[in-house]
Amino acid sequence: MSDTIFSKIVRREIPADIVYENDDVLAFRDLNPQAPVHVLFIPKRAVATLNDAIATDAELLGKLLLASAEYARQQGFAEQGYRTVINCNDDGGQTVFHLHVHLLAGRRMTWPPG
Ligand code: 5GP
C-alpha cells in the first residue's frame with residue numbers, strides 16, 4: 001500500500017499530539033476534532049482499510065479496540081461513555097487509507113449518525 005500521513009506520524013516525520021502508545025498501537029488527537037475528545041488509534045503496521053484486514057490481523061484489530069478502552073479508562077470518561085468508529089472507503093467517509101479507530105467522547109452522541 002502507499003504511504004500515508006499516518007505512517008509519517010508513526011515514524012515521527014511529521015508532528016502529532018500523541019496521547020497513547022504501546023508496542024503495536026499509536027494514538028493522537030484528530031486535527032479536526034468532532035467532539036471534545038477525538039483521538040485516532042492506529043496500528044503501527046499499516047493496513048489500508050478494514051476490507052484489507054485478514055485473519056492474521058485479528059489480534060491487531062482487537063488491540064486497537066482494547067487500547068481505545070484503556071485510554072478511556074485512563075482519562076476517566078469510560079463510565080460516562082464514548083463512541084468508536086471505523087470508516088471504510090468512500091461511503092464510509094474514509095479519507096486516510098491507514099486503518100484507524102476514531103474515539104469520540106465528551107459530548108452526547110446522536111444516533112443514527114449523519
Ligand atoms: P477518516 O475520514 O479517514 O475516517 O479519518 C481521518 C481523520 O484524520 C480525519 O478525522 C482528519 O481530521 C484526520 N487527519 C487528517 N490528516 C491529519 C493529520 O495530519 N494529523 C491529524 N492529527 N489528524 C489528521
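Let's start with rings: those of Phe, Tyr and Trp (its six-membered ring) make an aromatic pair if their centres lie within 6.5 Å, with planes under 30 degrees apart called stacked, over 60 edge-to-face and the rest tilted. By that rule, the count here is five aromatic pairs. Keep in mind that this is a predicted model, where local features need pLDDT of at least 70, side-chain atom pairs count only at pLDDT 80 or more, and totals for chains, interfaces and linings use all residues. Residues are numbered from 1 along each chain as its sequence is written, and side-chain values use heavy atoms, leaving out hydrogens and water.

Take Phe6 and Phe28, an edge-to-face pair with 5.3 Å from centre to centre and 75 degrees between the planes. Phe6 sits in helix α1 (residues 5-10) and Phe28 in strand β2 (residues 25-29), so this pair ties together parts that are 22 residues apart in sequence. Helices (H or I, at least four residues) and strands (E, at least two) are DSSP runs, numbered from the N terminus. Phe6 and Phe28 are both buried, and buried means under 20% relative accessible area, with exposed over 50% and partly exposed in between (1.4 Å probe, protein chains only).

Those two elements turn up again at the ligand: α1 and β2 each supply at least two residues of the shell around the ligand. In total 15 residues surround the ligand, the closest being Asp30, Asn87, Gly93, Thr95 and His102; to count as near, a residue needs a heavy atom within 4 Å. An oxygen atom of the ligand is 2.5 Å from an N or O atom in the side chain of Asp30, while a nitrogen atom of the ligand is 2.8 Å from a polar backbone atom of Arg29.

What about charges? A salt bridge puts a side-chain nitrogen of Lys or Arg within 4 Å of a carboxyl oxygen of Asp or Glu, and the count comes to nine salt bridges. In one of them, Glu21 meets Lys44, with the closest N and O atoms 2.8 Å apart. Glu21 lies in strand β1 (residues 18-21) and Lys44 in the loop between β3 (37-43) and α2 (58-75), so the bridge ties together parts that are 23 residues apart in sequence. Asp57 forms another with Arg45, at 3.0 Å between the closest N and O atoms. Here Asp57 is buried at 6% relative accessible area, whereas Arg45 is partly exposed at 46%.

Conventions: Polar contact = N/O pair within 3.5 Å; in protein donor to acceptor, adjacent residues only side chain to side chain.
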